[in-house]
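Subject: Structure handover

Hello,

Here is the structure for you to look over. Please open it alongside this email; my notes follow below.

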Amino acid sequence: MRHLLSTRDLERASAIRLLDVAEDMAQTADRAVRTLPALRDKTVVNLFFEDSTRTRLSFEAAAKRLSANVITFSAKGSSVSKGESLKDTAQTLLAMGADAIVVRHHDSGAAHRLANAGWIDAAIINAGDGTHEHPTQALLDAFTIRQRRFGADARGRGLDGVRVAIVGDILHSRVARSNVWLLHALGADVHLVAPRTLLPHGIDTWPVAVHEHLDEALALAPDAVMMLRIQSERMRDAFFPSAREYGREWGLTAERFAALGPDTMVMHPGPMNRGLEISSVAADSSGSTVLAQVTNGVFIRMAVLYLLVAGSGSDADPIGGQG
Amino acid sequence: MTALLIRGAALLGGAPADLRVRQGVIVDRGSLSAEAGERVIDAEGLVALPGLVDLHTHLREPGGEASETVLTGTRAAAAGGFTVVHAMANTTPVADTAGVVEQVHRLGQRAGYADVRPVGAVTVGLAGEQLAEIGAMARSAARVRVFSDDGHCVHDPLLMRRALEYVATFDGVVAQHAQEPRLTVGAQMNEGALSSELGLAGWPAVAEEAIIARDVLLAEHVGARLHICHLSTAGSVDIVRWAKARGIAVTAEVTPHHLLLTEELARSYDARFKVNPPLRRDEDVHALRAALADGTIDIVATDHAPHPVEAKECTWAEAAFGMVGLESALSVVQQAVVETGLLDWAAVARAMSTAPAAIGRVEGYDEPLAEGSPANLTLVDPAHRRSWAVSDLRGRSTNTPYTARELPGRIVTTVHRGVLTVDGGELLGPEAVIAAHQEVDHG
Amino acid sequence: MAARTVLHDADIARALRRIAHEILESRRGDGRLVLLGIPTRGVALAERIQSVIDEIEPGVSEAGALDITLYRDDLARTPTRAPAPTRIPAGGIDDAVVVLVADVLYSGRTIRAALDAIVDHGRPRAVRLAVLVDRGHRELPIRADFVGKNLPSATSERVSVRLTEVDGVEEVTIEP
């Protein structure tokens, strides 16, 4: 059984295949009946040790659109919040006959542990682990960029030459990590922008260009600008002095937005801090992909669930190219 | 069986010779013929080393008996060729009074597998605020000479200065766990490109190096001895080398795992590889090996840290720091520095027995395998190779990082105060060991 | 034993032309005709038949593709395969006469899946089935309305349709 744990080891061909299947899933959106029978009698468990209504709903919608049975365990009000270990939870789910587990956890590597510790043999899908990765978010971001850029001609394509600037708290961002590896694999030109306090140690080994000032990156006319959510508690830990200074230096202000090219995509994984990392003018503009990202999230997650769960055969490598 | 004749062992890896043991003492050495009533041990092809001395062991008793006890921990020690272990102070209650250190010491004597030298806490409750009763522990029956808050750094510079001065008054040494706490809040693994990729909070080398730099200067200023626990970075090696060149009375230890394993193992998120200080880069491993070879690092100490299964079968961040290491220590040292040509067996004897005994003021280890010395020794088969398994462990916990890794060497025999604790590769039972000690003492 | 060619390019062209005529003859009323090919080779066949129909009666027919991967009854028993695109003509299939086009009719399971898929796209007036080759051995109560060639075969034999658009050659072969 194969899993989706990270984008780090997703090869270009596999990533494109996944995006193409998501195109097939997107096609079903305007049919008379949108539900597909592909995962009938399969059980998909959403195991959320960390609250995230958006991601949970997106996975639930995806699984239901594929006719799977969906069971959701959320941190609040269940034993997962009462110190039950990952292992015990996994074994409970095994007993319930889970075919796939969508796991979100506050600790980096939780999905890896579930996949590799031998506690359960279901397909594991990482829905965000600590500050490590959030692969389906990166896939939906790449899908959104590809669709905006190539429209009906998107199938089979990578993102060669597409310039993407990712701005904000790179240090703590699993979205940024997953995007760096995936966008790079797809051939995009990736730029990271943050004050030095919010850049990870050793970033010089990543396949990206790094900028400490946003204006410097925007001067390169990126095709997409992805603003990351900034947690205000980072101020207390001396990563930056104040929200006002952060917004002034690294926020997509109305002035910075006005200076962007007309076709520049403005992306945000949500939820947004309007007025902090992104101005309302930018967030609500025609270049904003924020709502498209939400819609596309369901198609990407349908594609992932379909490829990992529908088939059988332990020697199968549904996504292909992993490890 | 208290009369032993060990035949044909390569003494400290040198020329083969025979050793005669009577009433707990090595009485003769050379080419010897068997005498009546003597147990003859054929040691051809084996290397004879002095009993190994571990300056850094977590025996967990009192308070952590689910992970280890003095009995199970010293059984693991004997299986690894050790005859002395220094039991770290982070028990519950903390070993910060004469009462606790005497209790631990007595438990060791009762078990009989190895001498247990308790390490006293530097500060009350390891809290880093107030000096523990160092004098009382030094003068107790346990005769404590090593003091450490291991697990915690004595980070307050003024308190560290006082500790160095006060411990020196009792001929003791402060063994510092060098970890700047503010630079390592929530730290999970070595800080670098890999920790950034894995999303695990970094434990930067500078957090260790900054404390070592400060403490060697403090030791110089007050003229006291200082010991650095589990040194783990190339930068730390440079600082200790500089301090020694300057004549500062500093000694340093490295663990077997830091001589062999690197941070790459964290990629698996398998918490068996989570340890403090963390596994470092390949460059660090090579610097540590070279430093052990040139004497900058004085000793190898295990930092044997047993944990129950559930403390490792969880996410990396939830897991406890630490690995067991007594049983595997000599094998790992053989692989890392003997087979790479950096140390010969005489140097291993120095780093794992003579030197740690000197730092801990343990008597009877200054002349390894010499006539008239107490009979503490171990026989190693360096040609043996095995795929390491949990079944190779003799303590209560199984958190070894070496499972399924091929390691060389095997402890065939261990003699503690003239008593066989390991015979033919098998650990002897508790009753047999106690009975043999009584025979030696009263025989 | 080597493969035996049972239809050459001219035979295939003739068969498709005949099918196109039969489809037109069977058409009742003035409803739209939508030919949906089942990937991979059914799509090319649907387009060819539609272009013949268009020559005879321009404007009454459209061609598209209907992927059935997600409706297969053996989905859970085989390694996952990526779906192929579905193309439904802009007018949809509601109230149209849909002709499913496949290369080979065998067990009938593919057609069963296609019928399920069609229902999810709309409500056609009628659904018909056109196949280039019917090799028998049905496992479901399904039969074709338009058949290019009936080809009795043993289950151990392998029937292969190759088309220029997909394979670069044009032939139907049978091999043991």
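**Domains of chain B**

The domain assignment of chain B gives domain 1 (4-48 + 374-385 + 405-442) and domain 2 (51-359). These bounds come from an automatic or database domain assignment. The model is predicted, so local features need pLDDT of at least 70 and side-chain atom pairs count only at pLDDT 80 or more, while totals for chains, interfaces and linings use all residues. Residues are numbered from 1 along each chain as its sequence is written, and chains are lettered from A and ligands numbered from 1 in the order in which they are written.

The centres of the two domains of chain B, taken over C-alpha atoms, are 28 Å apart. In domain 1 of chain B, 22 residues are in contact with 24 residues of domain 2 of chain B. Contact here means that the C-beta atoms of two residues, placed from the backbone, lie within 7 Å.

On the domain 1 side, strand 16 (377-387), strand 17 (406-416), strand 18 (419-423) and helix 12 (430-442) of chain B each supply at least two residues. Strand 17 of chain B gives the most, with six residues. Helices (H or I, at least four residues) and strands (E, at least two) are DSSP runs, numbered from the N terminus. By class, this side of domain 1 of chain B has 14 nonpolar, eight polar and no charged residues. Ala, Val, Leu, Ile, Met, Phe, Trp, Tyr, Cys and Pro count as nonpolar, Asp, Glu, Lys and Arg as charged, and the others, Gly among them, as polar.

**Between the chains**

Two pairs of chains are in contact, and chains A and B share the most contacts. Chain B and chain C have no contact; their closest C-alpha atoms lie 27 Å apart.

Where A meets B, 21 residues of chain A are in contact with 17 residues of chain B. Helix 3 (86-95), helix 4 (110-116) and helix 6 (174-185) of chain A each give two or more residues to the chain A side. Helix 4 of chain A has the largest share, four residues. The chain A side divides into four nonpolar, twelve polar and five charged residues.

Chain A also touches chain C, with 18 residues from chain A and 16 residues from chain C. Helix 1 (residues 12-27) of chain A gives the most to the chain A side, with five residues. That side holds ten nonpolar, four polar and four charged residues.

**Sheets**

Chain A has an open sheet of five strands in the order 7-6-5-8-9, with parallel pairing. Strands pair if DSSP finds at least two bridges between them. Strand 7 (209-211) and strand 9 (265-267) of chain A are the edge strands, each pairing on one side only. The twist from one strand to the next averages 20 degrees. Angles run from 0 to 180 degrees between N-to-C directions, and axes are lines fitted to C-alpha atoms, for helices over the stretch in contact.

Strand 5 (residues 163-167) and strand 6 (residues 189-193) of chain A run parallel, joined by five bridges. A:V167 has A:V193 in strand 6 as its bridge partner. Helix 5 (residues 135-150) of chain A packs on this sheet, touching strand 5, strand 8 (224-227) and strand 9 of chain A. Helix 6 of chain A lies across strand 5, strand 6 and strand 8 of chain A, at about 160 degrees to strand 6.

Chain B has an open sheet of three strands in the order 6-7-8, also with parallel pairing. Strand 6 (52-57) and strand 8 (115-118) of chain B each have a single partner strand, so one side of each is left without a neighbour in the sheet. Four bridges join strand 6 of chain B to strand 7 (residues 82-87) of chain B.

**Chain C**

Helix 2 (residues 41-56) of chain C has 16 residues, and at 1.5 Å a residue it should span 22 Å; its end C-alpha atoms are 23 Å apart, which agrees. The expected span is 1.5 Å times one less than the number of residues.

C:D145 is in the loop between strand 5 (126-134) and strand 6 (146-150) of chain C. C:D145 is partly exposed, with 16 other C-beta atoms within 10 Å. A residue is buried if 20 or more other C-beta atoms, placed from the backbone, lie within 10 Å of its own, exposed if 12 or fewer, and partly exposed in between.

Best wishes
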